[in-house]
Structures are given as C-alpha cells and as structure tokens.
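The notes follow the order in which I looked things up.

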Amino acid sequence: NDRSAFQEYTIADAARIARIPSNITPEQAATLPLALATAAIGIYKPKEDSLRPDGFDRGGTGLTPPWAPGGMGKYAGQAALVIGGASSVGQFGTNRFTLLDHHKLTYYSTALQLLHASGFNPLIATASARNESYCKAAGATQVVDYKTTPYDKLPVAVKDIVGTTPVGFVYDAAPRGTQVAGFSVLAPGGGMVVAFKPEVGERAKDDDQGRRVVGVFGGANEPE
C-alpha cells in the first residue's frame, strides 16, 4: 500500500500536508495526524448509513465542527464523556486552544479538546488518578478514576456529576470492556464514537431513540 506509513517513503494528498511548526519536533508532529483524524472524523463527519468492507463506519456522528459557522460552543447545555481520556485520541476531544498553542499539542487528548471547543459541559474523562491533571489540561471538567470506579459503576458516577444535564456525546477510546457503560449513559438523539469495533447500538443507522454509534476509521488519507 503506497499510502501506508510504516515505510521509508509514502504517498499523501497535498491538501493534507502541512509544514511542521518550528516549536515541535518531527517526532511530535508525527503523533498528530492519526490521533486528530480518528477523533475528528468520528465526531464531525456527516452520518452515512453504510459500512466499509472492514466493518468500520464510512460516516461519523454528524456534529457541526467548531471550525464551521456556528459550530464553536454549539453544544453548550449538553454533557459529554470521554473514556480513555489520557490516550492520544481521547485527548483531542477537549481543549480548543492546545492544538495551536505549543509543543504540548502532541500530548493533550484529541477528543477532549474538540468536544471542549464544541461547548460540551460537563466534559467528563476516565483516566487513572495520576493522569487527572493531564486530562484537565486538555479540557476535562471532571475526571473519574477507573481504578477506584470500575466501569460497571461508571454510569452512576456520571449521573452524580451531570444531574439532569443530558449526555449528548460519548467517545470511547478504550480497547475493551467499556462500551456498555458508555452507551448506557447516552441520551436520546446522542452520538457515540468508539475507536474499535462497536459492541453496542445499531450499525450504520440510528437506533429507535435516535442514537448513533460509530466505529471510526481514522485514516484521512484513505479513498474510503
């Protein structure tokens, strides 16, 4: 595959190539495309009622991105949950500025940064206690320690935080054992993105409560 990354030379579309800023290293820059694409495509790509041959979704959950007119802060009044908030994908969901500010952009969670820019509040992340400050720097308002709050107890912990505020979005960047907990807190009409194959909800369509679950394929350079 001429577009794969694990080779000396690769092919990419010119529209997706940018000069590396002088304040980050090539190694730091290399962490951005996949993490950012996996978060942004799943959250903001328009819905499509079809799957790729590998079983991942062709579309996303269809939220209006913060860079579109009226998109910044559009989802204020709704809560969001990021499972695996300290991961590279989880982090790009929270803080609207970290992507642009300085070298920390390679360390702060993608999904958290984007969801913060979209206005979700409370913005809850799951992570270990040692990564709490890391997630909050990325935009999380609360962090639930998964080591002291197992995932089968997560829905109660989330409810205690959000009260009557609907959880309009869930991003699950964890590899296993978390999707049922995340899906159980998702409000009618909400969206959920998982970085692995979905084990909950309907495939390539909304369920009877209008909820959409997307198994995201994060390759922005892929023809599909």
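I note that the model is a predicted one.

Entry 1, outline. I counted seven helices and six strands in the protein. Read from the N terminus, the order is α-α-β-α-α-β-α-β-α-β-α-β-β. I then checked burial and found that 49% of the 224 residues are buried. Of the contacts with a separation of 6 or more, 52% are between residues 24 or more positions apart.

Which residues of the largest nonpolar core touch the most other members? I found I43, L112, L115, F169 and Y171, in a core of 28 residues. Two or more residues of this core come from each of helix 2 (32-44), strand 1 (79-83), helix 4 (110-117), strand 2 (123-127) and strand 4 (167-172). Helix 2 gives the largest share, six residues. I also noted a second, separate core of 21 residues, with L81, V170, A174 and V185 among them. As background, nonpolar side chains tend to be buried together in soluble globular proteins.

At what angle do helix 2 and helix 4 pack? I read an angle of about 40 degrees, with the axes 9 Å apart. The two helices are therefore oblique to each other. I recorded the crossing of helix 2 past helix 4 as right-handed. On the helix 2 side the contact uses A35, L36, A39, A40, I43 and Y44, and on the helix 4 side it uses T110, A111, L114 and L115. By type I sorted the residues of this contact into nine nonpolar, one polar and no charged.

I listed the buried ones as T110, A111, L112, Q113, L114, L115 and A117.

I found G119 following helix 4, with a positive phi near 100 degrees. Further on, N121 and P122 are joined by a cis peptide bond, with omega about 5 degrees. P122 is in the loop between helix 4 and strand 2. For comparison, most residues other than glycine have a negative phi, and most peptide bonds are trans.

I returned to A204 for its backbone and read a phi near 60 degrees, a positive value in a residue other than glycine. Is A204 buried or exposed? A204 has a relative accessible area of 11%, and the limit for buried is under 20%, so I put it down as buried.

I located G71 in the loop between helix 2 and strand 1. Its relative accessible area is 0%, and I marked G71 as buried. Leaving aside residues up to four places away in sequence, G71 touches T64, P65, P66, A117 and S118. How far apart are G71 and G119 in space? I read 8.9 Å from C-alpha to C-alpha, for two residues 48 apart in sequence.

Definitions and conventions: Residues are numbered from 1 along each chain as its sequence is written. This is a predicted model: local features need pLDDT of at least 70, side-chain atom pairs count only at pLDDT 80 or more; totals for chains, interfaces and linings use all residues. Side-chain values use heavy atoms; hydrogens and water are left out. A nonpolar core is a set of buried Ala, Val, Leu, Ile, Met, Phe, Trp, Tyr and Cys residues joined through side-chain atoms within 4.5 Å. Buried means under 20% relative accessible area, exposed over 50%, partly exposed in between (1.4 Å probe, protein chains only). Helices (H or I, at least four residues) and strands (E, at least two) are DSSP runs, numbered from the N terminus. Axes are lines fitted to C-alpha atoms, for helices over the stretch in contact, and angles run from 0 to 180 degrees between N-to-C directions. Angles under 35 degrees count as roughly parallel, over 145 as roughly antiparallel, 65 to 115 as roughly perpendicular and the rest as oblique. A crossing is left-handed if the near helix is turned anticlockwise from the far one by less than a right angle, and right-handed if clockwise. Contact means heavy atoms within 4.5 Å. Ala, Val, Leu, Ile, Met, Phe, Trp, Tyr, Cys and Pro count as nonpolar, Asp, Glu, Lys and Arg as charged, and the others, Gly among them, as polar.
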